[in-house]
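Work through the following exercises with the model open beside you, and try each task before reading its solution.

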Amino acid sequence: MSKQFGPEYVRAIAPYQAGKPISEVAREFGLDEANIVKLASNENPFGVPESAKQAMAQAAAELGRYPDANGYELKVALSKRYDVPMEWITLGNGSNDILEIAAHAFVEAGQSIVYSQYSFAVYALATQGVGARHIAVPAKAHGHDLDAMAAAIQDDTRLVFIANPNNPTGTFVKGAEIEAFLKKVPSHVVVVLDEAYNEFLSKEDQYESAAWVKQFPNLLVSRTFSKAYGLAGLRVGFGLAQPGITEMMNRIRQPFNVNSLAQAAAIAALNDKDFLDKSAQNNAAGYQQFVEAFQQMGLEYVPSHGNFVLVKVGNDLAAGARVNLALLKQGVIVRPVGNYGLPEWLRISIGLPQENAILIAALQKALAGTRAE
């Protein structure tokens, strides 16, 4: 028997399963990459904005040197946008990095972390990665039950994760409810408000969480450039919090964790209002396109506030995997969510109108074929 290394709680982790790459599906099913539609990873279907491409081209001349470890120019831009001091900003290799850093900075092995059932898989992974105890609070209508989450906080709880909107369900908690929750949380418990999909919210649902950061010293707001800003491949995110939190996080943050191209692209994308507006408009139209199709097909779905929709494709525990395979064979990649305890469901990202149409046709065919078997 080979020697086992590391603590048991690390050996017990099931690694994060990302959406299938287009190249892998092409190889596996003998398909042409050019004809494959990927609606699995909640990426912006417009890709990288032209403004960011130009910024990266200019930054490429300095790639022989290390990036600015402090990300000064990007922090200046973020400070201006969110009206917080630069010292309140932590940069991350995607917002995923911010979530992981928070767990390592504030939680010791054996202490507890609170998060919701059906919330982002990384919360459970981050908890397990530091040897902490999981307190997974049952969901309410596939979303966060903040009253139950507040009641679940124990003496040894050090961190609470809230995703708003939530991935993979698309559910949303109104700003007033979150503010009320923050007032209930003990001051020694750090609340991570993960807002990866915030830019897709309608105007009536928008709230300014940066203002809460000034009010609550235990609040960390996490954001990303991977979704609405179209920079998923560059991996750049950030956290907003008071110095008591950011100083701890910067003690363990990897030096140079956001590369030069990512910093340059993020500054450009942050200021590209036209691209952001175009992305939001496409997302709203695509959501309606999906919802109308799902209703016509008689499929249950969860009303979504993100750039994806969770849809139920059968009533048995193999439904999600079965329909997912049928879609893959047609060159359409979506996200099965059995690992979230939702094996009858698929999460489908909103793409361009023609990509959505291909998905709808492929899903109709997949459902007809699997129901006939």
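**Cavities, a pocket and a helix pair**

In the lining of the largest cavity, the residues divide by class into four nonpolar, five polar and one charged, where Ala, Val, Leu, Ile, Met, Phe, Trp, Tyr, Cys and Pro count as nonpolar, Asp, Glu, Lys and Arg as charged, and the others, Gly among them, as polar. The model is predicted, with local features needing pLDDT of at least 70 and side-chain atom pairs counting only at pLDDT 80 or more, while totals for chains, interfaces and linings use all residues. Residues are numbered from 1 along each chain as its sequence is written, and side-chain values use heavy atoms, with hydrogens and water left out.

**Exercise 1.** Identify the residues that line the largest cavity, and give its volume.

*Solution.* On a 1 Å grid over the protein atoms alone, a cavity is a set of points where a 1.4 Å probe fits but cannot get out, and lining residues have an atom within 4 Å of a point. The lining consists of Glu43, Asn44, Pro45, Phe46, Phe200, Ser279, Asn282, Asn283, Asn307 and Ile350. The volume, that is, the space filled by probe spheres set on the grid points, which are joined across faces, edges and corners, is about 60 Å³.

**Exercise 2.** Describe the largest pocket by its volume and its lining.

*Solution.* A pocket is an open set of points with protein on both sides within 12 Å along at least five of seven lines. The largest pocket holds about 810 Å³ of space. It is lined by 28 residues, of which Glu199, Phe200, Leu201, Gln206 and Ala280 are the closest to its centre. Two or more lining residues come from each of helix H4 (72-82) and helix H12 (273-296), helices being DSSP runs (H or I, at least four residues) numbered from the N terminus. H12 supplies the largest share, eight residues. By class, the lining has ten nonpolar, nine polar and nine charged residues.

**Exercise 3.** Determine how H4 and helix H11 (residues 260-270) are arranged, and which residues make the contact.

*Solution.* The two axes, lines fitted to C-alpha atoms over the stretch in contact, with angles running from 0 to 180 degrees between N-to-C directions, come within 9 Å and cross at roughly 25 degrees. H4 is therefore roughly parallel to H11, a term for angles under 35 degrees. Contact, meaning heavy atoms within 4.5 Å, is made by Glu73, Leu74, Ala77, Leu78 and Arg81 of H4 and by Gln263, Ala266, Ile267 and Leu270 of H11. By class, this contact has six nonpolar, one polar and two charged residues.

Note on methods:
Parallel < 35°, antiparallel > 145°, perpendicular 65-115°, else oblique.
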